Amino acid sequence: MAIPLAYNLRNLVVRKTTTIMTALGIALTVAVLLAILALLNGLRVTLASSGDPLHILVLRKGSDSEIVSQFARAQFQDLKFKTGIAQGRDGQPLASLEIVGVINLGGGANEEGTNVTVRGLEPAGIEMRSAVHIVSGRWFDQGKREVVVGRQIAARYPETALGKKIRFGRGDWDVVGVMDAGSGAQGSEVWGDLNQVASDLQRLEALSSALVQAPDAVTAKALINDINNDQRLSMNALSEKEYFEAQTISAAPIEYIGIFVSIIMAIGSSFAAMNTMYAAVARRSREIGTLRVLGFSRFSILWSFFIESVLLSALGGVLGCLLVLPLNGITTGIGTANFSETTFNFHVSPQIMLGGIAFAVVLGSLGGLFPARNASRKEILTALREI
């Protein structure tokens, strides 16, 4: 015969102060873990939506990011007429020679300023990135010191607002447009004309990368193999989607630290739940003895106290989810392999919250097992005599 669940719920309500304090301890542990997971999830969503499987990024062989790659104009001329590259609206190959640099923008939360990616690109580069569109202003004109900034950049740095000027390279650049890249990483970049940006950064010949587009997935794979096997080019080609997914490595230290802190807090929360249940067993010795007299088995008592601990921890898990929910959608930034900051939003998904509740239940299970076992092993007469 099993002890009714109402018995455990009533005990949690009667001991409301102890219940709330223990649940809050578990809630804080869960909230720390979920905050780290929400940050990583937001970064992954941003980087995953940044790449197109039909886009092929070409870097210098041995380079793992655009910022350290060097791409000569002569190499680009050999590359752009490769078989398998799609054609644009003007009938020319969809291939864009690009330069990537880092500039420092002030006026944000960081008083020393923040490194932001500036990208010089050709019209084909804009055409290929069809998901990026102007929300205010216009695209930059070729040959002029004009830039278009990502929506996240414009929101975080007042100096990059439409109509303002930002200074980098050899002079001031007019902000003529604000672009929206959805949740893509391009919303954290500043775009300008390839030749003008290269001139200001004094890198007219040593550029960064090339972006080409294939008409379909099969052709894209064949084109990647062709470029990688071309000894004359000595280039490394990979899917743009794979490139952005690899950038999540920059968040690995945060993930490890967050998990380590969560484990330390989890150990403390588990002991807190254990102490709470041990105290409950000590205070309810006569109840345990009475339950045994009424015919409830040792296993029923063990199961009842174990379930009570799980319910207590599940309450803490729910509270932890409620504590972290306000973070959802908050904008933050993190440095990437390009030595610049990528802006993204915390993303608290249902899967993350379910994982947090499951994590709390595991804590409660570990913390409640031994007190429940202790309660089930009490002798009837001994339990009835205890005060």
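This is a predicted model: local features need pLDDT of at least 70, side-chain atom pairs count only at pLDDT 80 or more; totals for chains, interfaces and linings use all residues.

**Salt bridges and their surroundings**

Author: Happy to. Residues are numbered from 1 along each chain as its sequence is written, and side-chain values use heavy atoms, leaving out hydrogens and water.

Of its 387 residues, 49% are buried, where buried means under 20% relative accessible area, exposed over 50% and partly exposed in between (1.4 Å probe, protein chains only). Contacts are heavy atoms within 4.5 Å, and 79% of those with a separation of 6 or more join residues 24 or more positions apart.

Now to your salt bridges. Side chains of opposite charge can pair when their charged atoms come close. The cut-off here is a side-chain nitrogen of Lys or Arg within 4 Å of a carboxyl oxygen of Asp or Glu, and the structure holds 16 such bridges.

Let us start with Arg-232 and Asp-78, whose side chains meet at 3.3 Å, N to O. This pair links distant parts of the chain, 154 residues apart: Arg-232 sits in the loop between helix H7 (217-229) and strand S12 (235-239), and Asp-78 in helix H3 (residues 73-79). Arg-232 is exposed at 53% relative accessible area, whereas Asp-78 is partly exposed at 37%.

Next comes Lys-82, which takes part in a salt bridge with Asp-226 (3.4 Å, N to O). Here too the partners come from distant parts of the chain, with Lys-82 in the loop between H3 and strand S3 (95-105) and Asp-226 in helix H7, 144 residues apart. Lys-82 is buried, with a relative accessible area of 13%, while Asp-226 is partly exposed at 32%.

Lys-82 also meets Asp-230 in a salt bridge, at 2.6 Å from N to O. Asp-230 lies in the loop between H7 and S12 and Lys-82 in the loop between H3 and S3, so this bridge ties together parts that are 148 residues apart in sequence. Both Asp-230 and Lys-82 are buried.

Elsewhere, salt bridges join five residues into a network: Glu-66, Glu-98, Arg-119, Arg-129 and Glu-189.

The Ser-69 side chain reaches the backbone nitrogen of Arg-60 at 2.9 Å. Leaving aside residues up to four places away in sequence, Ser-69 touches Leu-59, Arg-60, Ser-63, Arg-203, Leu-207 and Ser-208.

Aromatic side chains pair up as well. Rings of Phe, Tyr and Trp (its six-membered ring) pair if their centres lie within 6.5 Å, and planes under 30 degrees apart count as stacked, over 60 as edge-to-face and the rest as tilted. By this rule there are six aromatic pairs. One of them is Trp-139 with Phe-140, edge-to-face at 6.5 Å centre to centre and 90° between the planes. Another is Phe-299 with Trp-303, stacked at 6.4 Å centre to centre with 15° between the planes. Phe-299 and Trp-303 are four residues apart in helix H11 (residues 298-324), which separates them by about one helical turn. Phe-299 is exposed at 58%, and Trp-303 partly exposed at 44%. Back at Trp-139, ring pairs link this residue, Phe-140 and Trp-191 into a cluster.

Finally, the surface. The protein exposes about 17,900 Å², and carbon and sulfur atoms supply 61% of that area; accessible areas come from the Shrake-Rupley method with a 1.4 Å probe, and for residues only the protein chains shown count as cover.

Key:
Helices (H or I, at least four residues) and strands (E, at least two) are DSSP runs, numbered from the N terminus. A polar contact is a pair of N or O atoms within 3.5 Å; within protein, one must be able to donate a hydrogen and the other to accept it, and residues adjacent in sequence count only if both atoms are side-chain atoms.
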